[in-house]
Amino acid sequence: MMSLKVWKYVLSILILFGIISLLYNIAIGKNWNYNTVSVLDEVQTWSRSSRLSERLLTFQQYHTYCPHLAKPLSLEDEVEERKLLNSIIWPQLPSGSAPPSLLQTSDPVHSRFTIVTSKIKPSWYVGDQLEVQIQLRDFKGQPKRYGGDLLLARLHSPKYEAGVAGQVLDHENGLYTVRFPLLWEGSAQVDVMMVHSSEAIAVLRRLRDHRLDRVRFTSTFRQGDQSEKMMCHICLPPEPGPICNFTDVRTGEPWYCYKPKMLSCDTRYNHAMGGYAIDLLTDEETLLFQNGKNVKVPIQASTMDTINVLPSSKGTANLPTDTSAFYFLIHIIVLVINVDKGSQKPDPVKLATSGYYYQGSWRPLDGVPMGQFNDSSAITQCLTNKSVYLYGDSTMRQWYEYFSSMLPDLKKFYLGKPIKLGPFLAVDTKHNMLLWYRIHGPPMRTQWVMSNDLRYIANELDGLTGSRDTVVALSIWAHFTTLPVEVYINRLRDIRKAVVRLLNRAPGTLVVIRTANPQSLEQDVSLYNSDWFSLQQDMVLRAMFKGLNVRFVDAWQMVVAHHEPHNLHPLRPIVKTMVDMMLSYICPHRSSNNVGI
Ligand SMILES: *[C@@H]1O[C@H](CO)[C@@H](O)[C@H](O)[C@H]1NC(C)=O
Ligand SMILES: *[C@@H]1O[C@H](CO)[C@@H](O)[C@H](O)[C@H]1NC(C)=O
Ligand SMILES: *[C@@H]1O[C@H](CO)[C@@H](O)[C@H](O)[C@H]1NC(C)=O
């Protein structure tokens, strides 16, 4: 039995933490009515952290890709890499059990979502948050008992051409919570989709970490009328050796080809994708990747999927009410628990809502005024005297193509290069405007490209002087989905160093980073391009460039929130949204003010 004295002591600590927490919440302007949510959040985070160390171990064990060819990391880089990998830890299947049969895997058709209603506050207002619970079930209709499924959700109103992406929280017991900020009034409908079951993701994880050979690359070596085609990759098995080392001297980015039998290494002529490996799955595993059955299938509502949002009730939301006293107490208790556990608490990756569509146009939530650049004169006016350098994959080439189609005065140079790969150059001498596109360095899953056209973005950036009139846009993700995340981290690290150097010598230079986006996963596309690969990379990308003076174009949310189907190359309205976002960064003074909240 504890004495009264001890209880008094405990109580005063509780009250002290309560006051601190209250002040903290007020200071950061947290909406008090959401404390139910924040309590859940903290309990969730805490229960995750207890399993963190266990997962850390599994990560360290698989750090095995091409150890004989990888360059050693500095201590600082290794620490960062570990931190990044920890931040994207994805729930694993329960260990020890036999591989589940299809019947025991997540079935979107049997699963349901439920809009969470509150007796205390039966209506929704603009400025509130909508919460949706999802219960996943297997093909027999049994509730799932573990998490790790990939779900995407959006809230939308066709009538207002409005949409916003939901934030999905995995409770790791078959239940998921999705939260949506309520940003417009009127009726709004919830859409939830299961992209992959957790069982499918376990397979994808194995492929990503152990089968980087599932996309093959080749180079032709040529001299006179002799030519040999050899296999190439960021790393190659030691057999059948020997190898040619094409590692980039400046960045240290690895690239190797098997040495041709007759020719020497310096006769490498071109680079191309050599095909996809097809022996990737067992028969059982194949069942986890069925279109229309368990890849990108909608989950239905248990009852209603639509709510009505009322105009915001200003002034009532920010003070603690009697009903929240109970949650206040829980909050204090959670805080006390967290003080104890605080040192272990991981940084959960949270992708805050970056914007939403309303009346068909994107409204960023980070305070950047969004402009509309609907015609050539608006774009030309913004880009007068500017040099715009676009680097990256075909999702960046889309921006170049958009500009080309919108600007009739732009003179496009034909540089005699492959039609899809560039590089591309266009100028408008009247307005002193230059547009340049170049694809990033290997690995590129492309048709043949000359070896001497293989350039790493970091080196290209080092070749730019930069200025107030220089704009750099980067999009690098789609060709990395078949490789372990470490490879992507390494590439981004090189690019980040080059961005830091550029911003150091020319602080006025604008650097815009386009994130990844979900895509159509027809047939076997998941095995090479799954949204799960892209999402994990995307979180790394955002984390690595956070805090730098760069701007993001959130292609991920722009696609999730939009009514157009997911597509590797988003359709034109979304490309316009992305380009408008970039132009708004270049010409903020031209932008109209944000409407909405
Ligand atoms: C390949 O070349 C790079 C840079 O010259 C070097 O650092 C690396 O050790 C070489 N790799 C092998 C396996 O020899
Ligand atoms: C641009 O086009 C959109 C969609 O058609 C329209 O809503 C908007 O008013 C236009 N903005 C300007 C500045 O012309
Ligand atoms: C473009 O540069 C020229 C020459 O420096 C200058 O006269 C002009 O005002 C600039 N125009 C814009 C829109 O920045």
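Cys244 has a relative accessibility of 0% and therefore counts as buried (buried means under 20% relative accessible area, exposed over 50% and partly exposed in between, with a 1.4 Å probe and protein chains only). In this predicted model, local features need pLDDT of at least 70 and side-chain atom pairs count only at pLDDT 80 or more, whereas totals for chains, interfaces and linings use all residues. Residues are numbered from 1 along each chain as its sequence is written, chains are lettered from A and ligands numbered from 1 in the order in which they are written, and side-chain values use heavy atoms, with hydrogens and water left out.

Cys244 and Cys265 are joined in a disulfide with their sulfur atoms 2.0 Å apart (a disulfide is a pair of cysteine sulfur atoms within 2.5 Å). The torsion about this S-S bond is -85°, and the link of Cys244 and Cys265 is left-handed. Cys244 belongs to strand E11 (residues 243-245) and Cys265 to the loop between E12 and strand E13 (268-276), so the pair ties together parts that are 21 residues apart in sequence. Helices (H or I, at least four residues) and strands (E, at least two) are DSSP runs, numbered from the N terminus. Cys265 is partly exposed, at a relative accessible area of 25%.

The structure holds three disulfides. One of them connects Cys232 and Cys257, with 2.1 Å between the sulfur atoms. The S-S torsion of Cys232 and Cys257 is about 100°, so this disulfide is right-handed. Since Cys232 lies in strand E10 (residues 226-233) and Cys257 in strand E12 (residues 256-258), the pair ties together parts that are 25 residues apart in sequence. Cys232 and Cys257 are both buried. Another disulfide, between Cys382 and Cys587, has its sulfur atoms 2.0 Å apart and, with 100° about the S-S bond, is right-handed. Cys382 is part of helix H8 (residues 376-383) and Cys587 of the segment after helix H15 (572-586), so this pair ties together parts that are 205 residues apart in sequence. Cys382 is buried at 3% relative accessibility, and Cys587 is buried with a relative accessible area of 4%.

A search of the whole structure finds 22 salt bridges (a side-chain nitrogen of Lys or Arg within 4 Å of a carboxyl oxygen of Asp or Glu). Among them is the contact of Arg493 with Asp77, at 3.5 Å from N to O. Arg493 lies in helix H11 (residues 485-505) and Asp77 in helix H4 (residues 75-87), so the pair ties together parts that are 416 residues apart in sequence. Arg493 is buried at 2% relative accessibility, and Asp77 is buried at 16%. Arg496 and Glu80 also meet in a salt bridge, at 2.8 Å from N to O. This pair links helix H11, which holds Arg496, to helix H4, which holds Glu80, across 416 residues. Arg496 is buried, its relative accessible area being 16%. A further salt bridge joins Arg542 and Asp554, whose closest N and O atoms are 2.8 Å apart. Arg542 is located in helix H13 (residues 531-545) and Asp554 in the loop between strand E25 (551-553) and helix H14 (555-560), so the pair ties together parts that are 12 residues apart in sequence. Arg542 is buried with a relative accessible area of 15%, and Asp554 is buried at 6% relative accessibility. Through shared partners, salt bridges join Asp77, Glu80, Arg493 and Arg496 into one network.

The whole structure contains 13 aromatic pairs. Rings of Phe, Tyr and Trp (its six-membered ring) pair if their centres lie within 6.5 Å; planes under 30 degrees apart count as stacked, over 60 as edge-to-face and the rest as tilted. Trp184 and Tyr356 are stacked, with 6.1 Å from centre to centre and 15° between the planes. Trp184 lies in the loop between strand E7 (175-181) and strand E8 (186-196) and Tyr356 in strand E16 (residues 355-358), so the pair ties together parts that are 172 residues apart in sequence. Trp184 and Tyr356 are both buried. Tyr389 and Tyr391 form a stacked pair as well, at 6.5 Å centre to centre and 10° between the planes, and both of these tyrosines are buried. Trp90, Trp532 and Phe533 make up one aromatic cluster.
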